[in-house]
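User: I am new to this structure and would like a close look at a single part of it. Could you walk me through one residue and its surroundings, and then show me the whole around it?

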Amino acid sequence: MTTTVNVATPGGHYPIHIGTGRLDHLHESVPADATAIALVTNPTVGDLYAKRAIAALQKSGKTVITITLPDGETYKDWQTLNLIFDGLLQNRLDRKCLLVALGGGVIGDMVGFAASSYMRGVRFLQVPTTVLSQVDSSVGGKTAINHPLGKNMIGAFYQPIAVEIDIDVLHTLPEREISAGLAEVIKYGLIIDAEFFDWCEAHVDALRALDADAIRYAIQRSCELKAYVVGQDERESGLRAILNFGHTFGHAIEAGMGYGEWLHGEAVGCGMVQAAALSAVTTGLDAASVQRVHDLVHAIGCPVVPPNLGTERWVELMQVDKKTEGGHLRFVLLPKIGQAVVQGAPLNVVRDVLHKTAVPVL
């Protein structure tokens, strides 16, 4: 059975297909006028799923080339992005080609950015293979690469033509990747759907075990909520910023520790614990709710204690954040579970939260 969630933005309307065995149906999302297909993946995912993906894509009657990028967040940079352009140009793909991103968030972000730039814009298809990419990064058209001074600071808003989510592929993920992805799942409950957060609390064991019914519903509901938000605000001029709950802290962890040391979802999960603590003193989030955030992040298997990067280093890293305006830090905060706001917080309050939540340097 396949479930379809539709995304409608000014930049494009497209379906998200969620089901089992979707890898064998990729040809259904190939436009009839596509002249060739470039499948972009990494060695880890490629060894597992590239042959199936290529066989499915070839059912469209199009030529399929493969571009393999090195695996990991540390390679989400200009040099690796250029490998995509090298492959496209060497194979003389034209502006009616289709790029296919087979992998997690790193692959999806880079292929989307390459598609937005190659010949000033070509079509691309998202085939996410991690929990995190299925519920978050493959949906909504954010594409980017990292810079040493900040995460995802160079990129574009560019929508795919479709998202193909095959739930079966999640069973080859390491447990750590599953936990990291679930952080983005519970985020949706925290920012916009309190009942979904309640459901996540009740089904946390089933989610970690990838129970078929639980994970399907979690993916579907996450995609529905993200589709609603990006449909209201494609380019993050208002409402969409709430999707960054925990990310100001989380991105600082990733940059401060070195990209790849913490998984993105792990950093976001820990960042949500910190953002809840900051919410307690800025937007009045009650102590019981702060504890619930902490406990669920811990229950899904993500870290709840951030590294101590040094308070001033924390502040410096957070200032390289897309929500910062005029040098003033802005955060996504919770007045209550299921409701989020974007607002500033006094630096002395931020420093106090950092001091209380981060472990001391040994």
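Analyst: Let's start at E254, which lies in helix α9, residues 247-257; helices here are DSSP runs of H or I with at least four residues, strands are runs of E with at least two, and both are numbered from the N terminus. This is a predicted model, in which local features need pLDDT of at least 70, side-chain atom pairs count only at pLDDT 80 or more, and totals for chains, interfaces and linings use all residues. Residues are numbered from 1 along each chain as its sequence is written, and side-chain values use heavy atoms, with hydrogens and water left out.

With a relative accessible area of 1%, E254 is buried (under 20% counts as buried, over 50% as exposed, and in between as partly exposed, using a 1.4 Å probe and protein chains only). What surrounds E254 there? Leaving aside neighbours within four places in sequence, E254 is in contact with E73, K151, Y259, W262, H264 and A267, contact meaning heavy atoms within 4.5 Å. With one of these, H264, the side chain of E254 makes a side-chain to side-chain polar contact at 2.9 Å. Such a contact is a pair of N or O atoms within 3.5 Å; within protein, one must be able to donate a hydrogen and the other to accept it, and residues adjacent in sequence count only if both atoms are side-chain atoms.

Now step back to the whole protein. Helix α9 belongs to a protein with 13 helices and eleven strands. Of its 362 residues, 58% are buried. Among contacts between residues at least 6 apart in sequence, 75% join residues at least 24 apart. The C-alpha trace spans about 60 × 40 × 40 Å along its principal axes.
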